[in-house]
Amino acid sequence: MTNLSIRPATTDVLNTINAIYTHSVLHSTATYQTEPSTDAERALWFAAHGPQHPVIVAELDGRVVGWGSLSPFHARAAFARTVEESLYIHQDFHRRGIGKAILVELLKRAKDLGHHRVIAAISGDQEPSLALHESMGFTERGRLTEVGFKFDRWLDLVYLEYRL
Ligand SMILES: CC(C)(COP(=O)(O)OP(=O)(O)OC[C@H]1O[C@@H](n2cnc3c(N)ncnc32)[C@H](O)[C@@H]1OP(=O)(O)O)[C@@H](O)C(=O)NCCC(=O)NCCS
């Protein structure tokens, strides 16, 4: 996709990032969050992502259509070189290679930043996300059963690992 570009997120696109995420909050088990974040909460989230934990966006013809982030996997210091990855593509732009492009960039940045492992925590019913991550070389390392409850049903959480 020649008119797709990926760049670091900036404060002016936080509303768009939040809007893309809110769709999954309200309509999907892709996130176990059930109430949308406010713009103020999104701003705090962004501010907490320091240089070791980038947030990036994908722009198609200048419009932000997806985003991805690396976050600390765990607060304890010895986990510092393990990151948890997230990505969300606008619902009207799925299956155009944008998720893969963001994930490729996140993995490149994770490696360049000296991280060692990337973890994806994915709801067991999220076939598109599981398929994307497995196609990129993530391997399932564990499944917690019925640890989530959303839309009146129990959900398994699958942990996948990528070795940088
Ligand atoms: C999961 C998600 C990020 C995929 O992004 P996308 O841009 O639609 O995916 P891509 O077009 O880059 O697909 C890349 C590969 O992933 C797999 N894949 C993506 N969507 C799929 C689907 N609906 N069914 C099966 N495989 C799928 C395929 O292997 C695909 O390659 P192919 O199109 O050559 O067959 C997107 O569906 C999304 O944002 N979903 C809601 C949020 C979410 O689940 N985020 C992940 C939480 S960690």
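## Surface and basis of the model

The protein chain exposes about 9000 Å², and carbon and sulfur atoms supply 52% of that; the areas come from the Shrake-Rupley method with a 1.4 Å probe, and for residues only the protein chains shown count as cover. Keep in mind that this is a predicted model, where local features need pLDDT of at least 70, side-chain atom pairs count only at pLDDT 80 or more, and totals for chains, interfaces and linings use all residues. Residues are numbered from 1 along each chain as its sequence is written, and side-chain values use heavy atoms, with hydrogens and water left out.

On to charge: the chain has 17 positive and 19 negative charges, and their mean positions sit 8 Å apart. Lys and Arg count as positive and Asp and Glu as negative, while His and the chain ends are not counted. Each charge is placed at NZ of Lys, CZ of Arg, CG of Asp or CD of Glu.

## Overall fold

The protein chain has 4 helices and 7 strands, in the order β-α-α-β-β-β-α-β-α-β-β along the sequence. Its radius of gyration is 15 Å, close to the 15 Å that the globule rule gives for 164 residues, so the chain is as compact as a globular protein of that length. (That radius is taken over C-alpha atoms, and the rule is 2.2 Å times the number of residues to the power 0.38; helices, H or I with at least four residues, and strands, E with at least two, are DSSP runs numbered from the N terminus.)

Along its principal axes, the C-alpha trace spans about 40 × 35 × 30 Å. Of the 164 residues, 43% count as buried, where buried means under 20% relative accessible area, exposed over 50%, and partly exposed in between (1.4 Å probe, protein chains only). If you take contacts between residues at least 6 apart in sequence, 63% join residues at least 24 apart; a contact means heavy atoms within 4.5 Å.

## His133 and its neighbours

His133 is in helix H4 (residues 127–135) and counts as buried, at 1% relative accessibility. Its side chain makes a polar contact of 2.9 Å with that of Glu85. Such a contact is a pair of N or O atoms within 3.5 Å; within protein, one must be able to donate a hydrogen and the other to accept it, and residues adjacent in sequence count only if both atoms are side-chain atoms.

Leaving aside residues up to four places away in sequence, His133 touches Glu85, Leu87, Leu103, Ala120, Ile122, Phe138 and Leu160.

Thr22 belongs to helix H1 (residues 14–27) and is buried, with a relative accessible area of 18%. Thr22 and Tyr88 are 66 residues apart in sequence, and their C-alpha atoms are 10.0 Å apart in space.

## Positive phi in two loops

Arg95 has a phi near 65 degrees, a positive value in a residue other than glycine. You'll find Arg95 in the loop between strand E4 (82–89) and helix H3 (98–112), where it counts as exposed at 86% relative accessibility.

Asp152 is not a glycine either, yet has a positive phi of about 65 degrees. Asp152 sits in the loop between strand E6 (139–150) and strand E7 (153–163), and counts as exposed at 70% relative accessibility.
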